[in-house]
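Me: I have a new model open and I'd like to learn how to read it. Could you walk me through it?

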Amino acid sequence: MPSPVTGSGRSRRDGALRCGEISQRHRYRLSCMGSSGPAAAFVGRSTDMALLQQLVRDVSAGLGQVVWVEGEPGIGKSSFVEAALTSTEAAGCRTGWAEADELSVHSPLRVVMDCLGISSNSPDDRRAQVAGLLYGKPGSEVLGGVDPVRAAMERLLALVDELCASGPLIMVIDDVQWADEPSLIAWHRLAQSVEQLPLLLIAVSRPLPQRDAVAQLRQSVLSRGGVRFQLGPLAEEDVSQVVARLVGAPPGPRLRHLAANAAGNPLYLVELVDVLLDEGSVVLAEEAELAAGVPDRVPQSLAAVISARLGFLPQPLLEMLGTAALLGQEFTVTDLAAVLDTSVSALLSGLRQADVAAVVTASGAGLRFRHPLIRQVLYDGLPSPLRAALHRQVAQVLAGSGAGVERVAEQLIAVPAAVDRWSLEWVASHAETLTHQVPGVAAELLRQVVEQNAGMGTEQYEVMVSALARALFRLGLHDEAEKHVWGLLALSPSTERAAEMRWLLARMLFGAGRNDQARSMIAQTLRDRALPPKWRGRFQALSAMCLRADEGDLRGAEHGAREALRAAEAAQDRFGVGYSLCVLWLVDSARRDHGSALAAVERALAVLGDDPEFADLRAWARENQLFTFQNLDRLADAETVLRQAHAEAVREGEPAKATLYIGSAVHDFWCGRWDDALASLDSVQAQGPEATYFGLRERGPMLLHHGVTALIAGHRDNRDLARKHLDAGLALPMNTISDWENGDFLLAAQALEAEREGDPERALVLLSRILEPRPGQMSLMHQWLPDLVRLAVDLEDGAVARAASELCQSEADREVTPARASFAARRCRGLVQGDPFPVLEAAEHYAAVGRPFERAQALEDAAVLLARRGQTGEARAALADATSVYAQVGAAWDIRRADTRIRPYGVRRGVRGPRPRASFGWPALSPTELRVARLVAEGKSNPEIAADMFLSRRTVQTHVSHILVKLGVHSRVEIATEALRHSEPQGAGAVA
């Protein structure tokens, strides 16, 4: 006689596989995956499973990859990944797994940190340090401090590098559609490094909700060769196999027919069968079949199936689980007990029932809902008013238990009702911390509170609106921030807060190119007799900077900056002192008094010290110091500054500013290290706050980024790369003095493109714009004027040649200490007068100070001038030296141009000209790449290499990527093999 199968007739936690799912998931921790996993019992998807297991084998061998697994809810995405990772292929790989949920969206880096087991109480100092950076105390400065999210992200990425150096690593983010945006950015940056690390990244995603950031990440992954698994419904035979495993016998016709209505969705199928089993609607004989009289009913939806199964649970347990659902996909028993105002022991019985019913399962030190849809059904089952009240209660309980501010804020954001007194007081007292640690959460919560401002006192309102403005500013939402600042200023807030908001507003107006409004507001502020002394000095310095930028009034700017300096010193305001000195540096640099400029910036650095409050201002001062040393031709000192700047970025825990990468690239350009320059430029993130400052300067550096890249590409005759960066750079606005001062490389690249295309007349017109500088502009015109004179002389345009030479001489005359401009002026004079000797004198100077590219340019010009005089032997020698340097830096276009210019005078380099640079293999590696390759062979991680070479970790990562391409290999192991094969004989000197 057939026997009925019921839910009470079998163990729900007996370890049996359920549609390929693992009963105990490895979540939120790193573990070594053994070979005794259940992969062999996974049902279906054999082709996809074989490919994923191959990718796991590849990462074990050192080959990284990015995987995107997508499909509808319940289709078996997580089970598919788990089955692959618990197979023998994953033996020896450390695996981190995190699952996002709706609350994750509000917590910066939470998902990636969970994946790596990072918390403030981690026994691993490296992990605890990352958490400490993210959750540290906010500073007092409205601008210029360390951004905790960026700092934590940089350390987190370095941690992954270090982990991969000791063995293969697999990282999984489940339900990535709910991940916070900083985690998505970190994932994107990790995806860019898998080509050089034993790192397998697996993102598991539903098609909904559709978020732009997730769609962009997905597109980036797939466009870079990531592997996509799109899981569809199970085949009919796989459905029958799953049912057979669940009920203990092959399904009969009626049961198969009903199961087919699950549309091949594994979760739908499992939950449907569970309901039938719990009702005793299945009987076993040779086959499992629906009991007589049981209709072939099909539930309306998956949610209905889940609700039907949950309906068998006792009502008190359902209420407890509904409260747990408020805490998120994962929760701790301690938090749940605190919210329910009961003891942990009182919850044990109910939680055991939930575990047996497969509603929740263990996860690290807490519990998790077995599937997000189960949590969603429980959450949606709470009436809206009750849900709002419970969120408010959970927030207060979490706050009382010392939970992080972001967790409390998440609960308050979910409350649509009017804000009560406790909520107002909590938000007001934690507004600064929220803005510092989680500006996105702060903005969302503060918007909600400010819009419902009934019951708020004046002080509370001012605190919240000013914090909202700062959060919006940090997020780059300047228009909205400006609206709130104007609204707050209209209410005549306290003097200190008004000054702070006016400072923020001035920076936004100035950065947007609305200089007239900025200056008007600054002047109005300075007329306020109640302005605190600290802020008076700062606004005087800002006013001085506007004078220089808008009117080119260097005398007025100097006077204003010195007044600001005196005010800041009297107020003992270190930020104001440092800022005033940097404005004086601007004035002195525009006057070409580089000695005074250097004294000002070095004094600023001494005043600022190593205080993290002044990280932004100190970074600007370092870049100013670098610029001055370059103009004094003290290139060794400039190298030291770059090392100091990178060391400071590491010490502060923050990634180096994009402007530092760009400054390094400019330095390497003039020093002839073009591969290094491109590595620095490739390291720059084209978007985001690191491309600028938090309001201390404008967005001009990105013009320089595209200009330097385009110029190198043009000299190397890489037309596609040059055009790409010319288009990107020319699309940027040119609104401020900073824009104009950073646009000169872009202009030079445009002129070079025209010349390469056979249109020297257009090149002359473009480069002639250099002859019309704005008053007070700090651009170094002398570095482009010899090229302009060369073009004009070759085109017999004497007027332009003389004008350019005279402008270069006037700039040289302003140099208090003769340096770059003075020798550029000699080149120009020699070209105009047809005299090679001043040009050769400049070439000797460039050789002495370490400017090989300018030396080659001067030698080329001298060769042409010597050839015109009939001094063929000397011309040939100069040409050979010039083309040798051009070949070393890969300036293929310059070699062709030099040959073309001198050919009419009967001078040839001969058949043994300079060897072209190798483009592939070990000889193609630059000196820096050789050093990096050998350090990789020593087993050093990217952070360790960066420390050894005084570079940023990101620049080292870029060098490793270039090495992989040039060697045609696919992993660090293969780089090491090549390095050992080409190792120097014992006793040979190290590569420079």
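Me: Let's begin with the tryptophan I clicked on. Which residues is Trp-426 in contact with, leaving aside its neighbours within four places in sequence?
Reply: Keep in mind that this is a predicted model. To read a contact, look for residues with heavy atoms within 4.5 Å of each other. Here Trp-426 meets Ala-399, Val-405, Val-408, Ala-409, Leu-412, Leu-434 and Leu-445, once its neighbours within four places in sequence are set aside.

Me: And which residues touch the most other members of the largest nonpolar core?
Reply: Trp-426 is one of them, along with Val-359 and Phe-369, in a core of 130 residues. Helix 22 (residues 495-511) gives this core its largest share, ten residues. There's also a second, separate core of 78 residues, with Ala-665, Ala-754, Ala-821 and Tyr-846 among its members.

Me: Now a serine. Is Ser-926 buried or exposed?
Reply: For burial, check whether the relative accessible area is under 20%. Ser-926 counts as buried because its relative accessible area is 6%. You'll find Ser-926 in the loop between helix 43 (892-902) and helix 44 (927-937). Skipping residues up to four places away in sequence, Ser-926 touches Asp-675, Asp-676 and Lys-966.

Me: Zooming out, how many helices and strands does the chain have?
Reply: Count 47 helices and twelve strands. Of the chain's 992 residues, 60% are buried. As for contacts between residues at least 6 apart in sequence, 72% join residues at least 24 apart.

Me: What about the surface?
Reply: The chain exposes about 38,000 Å², and carbon and sulfur atoms supply 52% of that.

Conventions. Residues are numbered from 1 along each chain as its sequence is written. This is a predicted model: local features need pLDDT of at least 70, side-chain atom pairs count only at pLDDT 80 or more; totals for chains, interfaces and linings use all residues. Side-chain values use heavy atoms; hydrogens and water are left out. Helices (H or I, at least four residues) and strands (E, at least two) are DSSP runs, numbered from the N terminus. Buried means under 20% relative accessible area, exposed over 50%, partly exposed in between (1.4 Å probe, protein chains only). Accessible areas come from the Shrake-Rupley method with a 1.4 Å probe; for residues, only the protein chains shown count as cover. A nonpolar core is a set of buried Ala, Val, Leu, Ile, Met, Phe, Trp, Tyr and Cys residues joined through side-chain atoms within 4.5 Å.
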